[in-house]
Each structure stands twice: as structure tokens, then as C-alpha cells.
Amino acid sequence: MNTNADKLKKIISAYTPIFYKNIKLNVELKDRYVAAEFKFNFCNDICDVWPSINSKGLRNDMFTVLKTGNDILSVVKYIKMYDY
Amino acid sequence: MTTKLILSVAFATIAVIDSKSQDFIRIGATHDFDKKAIIQTFSLDFNRSESVKEKPGKFLKFSNDNVYLLPTSDINIGDGITSSENNILTTINAGKGYFGKVYKMPNDSSVSKVFNYAIEVNPSYNSDKNFAEKLVFGQLKWVGNFIRSKSVTLSDSDAYVKNARMFSVAVFSNIGYRFSETYKTGNNYSTIGLLFDYKQRLLDSDRKEVWIFSLNFSFYRILSEVEKVKVEDNAGMIKASIDKKLIKNSYIGLGYKYGNDNPNYKYVNVLEFSVKMKY
């Protein structure tokens, strides 16, 4: 089953040598899995998979408010609730 | 902290691409080659990195099709007109970004690369701190950048970015008007130019920057201007810097600047040694 967590791990894996199944979602992403320079590409990849995410909020908060994979998933889960 | 005392200003030049920004207080000593003197400098840079501007402030708008609006501001208050920039620059970066898909090398999964570009129209205001020279203009810009990172694997679930590089190139044209209080006159102002920027960060396993290299080059041809303000038909600046982490959030840096730029086209030719504290 392709859960949101799996989808996010696959997105992150493009930026790091770690195999997607081993990516930990409770660690800070910036400069660990994703170099800070890739911030907008990373946000773009996330918006491609979940188009109903607020693009502006995501980019303004990425790596500052949204530090870990779980922080991003909490945004995604919230959208899912209203996605019939 | 200090940030609260200061107006929150955001600065970004290549808004879409730049991702690294920090506020810092810089204290240094600058050797001015033209004056043959050493000047102490103290400057406050808000959300400004040495070369390219990066993530400075918050986007006012960023739509699903990557159209964005980012107001930015750069205030440089340095000692001495010729040893550091002295200007107030505010811009609304308005553009559309095209983001490539990140590509991982097939035989080396530790390297990721991407190419992005953006087209911007940026209404801008640039003046010296006395408002004696004021420029109001629109800027049309195409900017592309190439990002590459190399990671180091610590275990099967842990890695860190060891080396991140960003190379940007931009073509721009400014069209507007200059209000010169100095010469009690005004004139159409227009330029066309090129920008190159290279930045490289080397990090340690704690994800702290250990070395930061940056090289920035801008060159433009002045098409129309108030004649008395103009020095030559061309203007430009080269900036190079190296920063090394000392302890915690403090860095020592060595930087070199040569060239002339708005709003006064005064020449700068300086070597600066500085200590920076990030906050």
C-alpha cells in the first residue's frame, strides 16, 4: 500500500544516497537528507504529489517550521482529512 | 533579541533559487587599496548572504504553477562610502519559476543535481542612505541556476550533505528613472547586464557549515543615465569571499570587492577581514 509516508520517503530519496525504505522521518531533513539549496525543488516535488497543499505556506515554512519528514506528513494528513 | 529591534526586512536577489540566508552582524577591518588605509567596518545585514541572496523573507504569494511574489529589502550601512556598499534597496521579486527534476547520478547515488530557472519582473527602488540619489526602476530578469550536492553515508539510514554548490547566471535589464538631489536633476535610467554567482558550502557531520566559498560577478552597460552621476559607460562588481567556522555560530572571513555600483557608481577596491556572528 502506497501510504503518504512511503510517498514522502520516495521524494526525499532523490536527494540522498539512502534507500527510501530506510529514510527516517523523525530527523531534521535540512543538510542531512536534502541540501538547503534544493529547498524549492523539494517543495515542488511535494506539491506535485499532493496538489492541494498550500504552496506558499510550504515554501515559507520548509526547513524552518517544517524540519522533519513527520512535520511535513502532519501537513499532508490534515489535507487528507478533507480530501473525499 | 537584536532582530526585534530591527525592522524585519528580507533580502533576496535570486529568490527562487537561493536557499541560504542568514542574518548576521559583521565586524571587520577593511584595507582600502585606493585610500591605502585600513578602515574599521561594522555592518548589519538582514537576511543577507554575501553573494547571492537567498531565502530572505517570506513569499507573499507562491502559487501551484510556481508564480511568486517576494518583497525583499537590503539595507547596507557601512562605514565609508568607498569601503562598503551604502544603499537601501527594496524590490518586489515577481516571477515564475521552472523547477527541474532532481537527478541522481546512476553510478554514484551520493550526488544529486538539478537545473532551475525563473523569469522575473521586479519593480525596485535603490537609493543611498541620504536619499541624495534615488533610482526607481523595473527589472526584467532571466535567471538560471544549477545545484549540486554530495552526501556522505554514515549508516544505512543516516547521511549528511558534505558539499553543496550552487551556480547561477542571470541576464537582466533595468528600466526606470533616476532622481538626483545631488545635481538637482533627473533622467531616464536604463541598463542591461549579466550576473554570475557561485557558492559552495562544505559541512561537517553535525550539519554545520565549516567552509563557505563565494564568488559573485556582475557587469552591466549603462544605456541611459544622469550624465553627471555616470563615471563610465559600464559598471560592475566582483566579490569573492571565504568564510571559516570558528566555534558555534561564529565565523572568520576574508573577502575582496572591486568595482562600482549603484546608486553612486563610486569605486570600491577593498580587502576585508571580518568576524561574523550568525543569529
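Two strands count as paired if DSSP finds at least two bridges between them. Helices (H or I, at least four residues) and strands (E, at least two) are DSSP runs, numbered from the N terminus. This is a predicted model, in which local features need pLDDT of at least 70 and side-chain atom pairs count only at pLDDT 80 or more, while totals for chains, interfaces and linings use all residues. Residues are numbered from 1 along each chain as its sequence is written, chains are lettered from A and ligands numbered from 1 in the order in which they are written, and side-chain values use heavy atoms, with hydrogens and water left out.

Begin with strand β7 (residues 108–127) of chain B. Strand β6(B) runs antiparallel to β7(B) and is joined to it by 3 bridges; within this pairing, Lys104(B) has Ser112(B) as its bridge partner. The link from β6(B) to β7(B) is a hairpin of 2 residues. Strand β5(B) is also antiparallel to β7(B), with 10 bridges, and here Ala94(B) is partnered by Val121(B). With strand β8 (residues 133–153) of chain B, β7(B) makes an antiparallel pairing of 17 bridges, in which Asn116(B) faces Asn145(B). The hairpin between β7(B) and β8(B) has 5 residues, and Phe131(B) in its turn has a positive phi of about 60 degrees.

Further along chain B, Ser173(B) lies in strand β9 (residues 159–180). Apart from neighbours within four places in sequence, Ser173(B) is in contact (heavy atoms within 4.5 Å) with Gly138(B), Gln139(B), Leu140(B), Thr191(B) and Ile192(B). Its C-alpha atom is 9.4 Å from that of Arg221(B), a residue 48 places away along the chain.

Strands β10 (residues 185–203) and β11 (residues 209–224) of chain B pair in the antiparallel sense over 14 bridges, and Leu203(B) has Glu209(B) as its bridge partner. They form a hairpin with 5 residues between them, where Arg207(B) in the turn has a positive phi of about 65 degrees. β11(B) is joined by 11 bridges to the antiparallel strand β12 (residues 234–245) of chain B, with Trp211(B) opposite Lys244(B). Strands β13 (residues 250–261) and β14 (residues 266–278) of chain B are antiparallel too, over 12 bridges.

Now turn to chain A. The axes of helix α1 (residues 4–13) and helix α2 (residues 39–49) come within 10 Å and cross at roughly 150 degrees; axes are lines fitted to C-alpha atoms, for helices over the stretch in contact, and angles run from 0 to 180 degrees between N-to-C directions. Lys7(A), Leu8(A), Ile11(A) and Ile12(A) of α1(A) meet Phe42(A), Asp45(A), Ile46(A) and Val49(A) of α2(A).

How do the two chains meet? The contact takes 32 residues from chain A and 42 residues from chain B. Between them the chains bury about 3200 Å², 47% of it on carbon and sulfur atoms; buried area is the accessible area (1.4 Å probe) that two parts lose on being put together, summed over both. There are 6 salt bridges between chain A and chain B, each a side-chain nitrogen of Lys or Arg within 4 Å of a carboxyl oxygen of Asp or Glu. Arg207(B), the residue in the β10(B)–β11(B) turn, has a salt bridge to Glu28(A) at 3.6 Å, N to O. Another salt bridge joins Asp48(A) and Lys101(B) at 3.2 Å, N to O. This pair runs from helix α2 of chain A to the loop between β5 (87–99) and β6 (103–105) of chain B.
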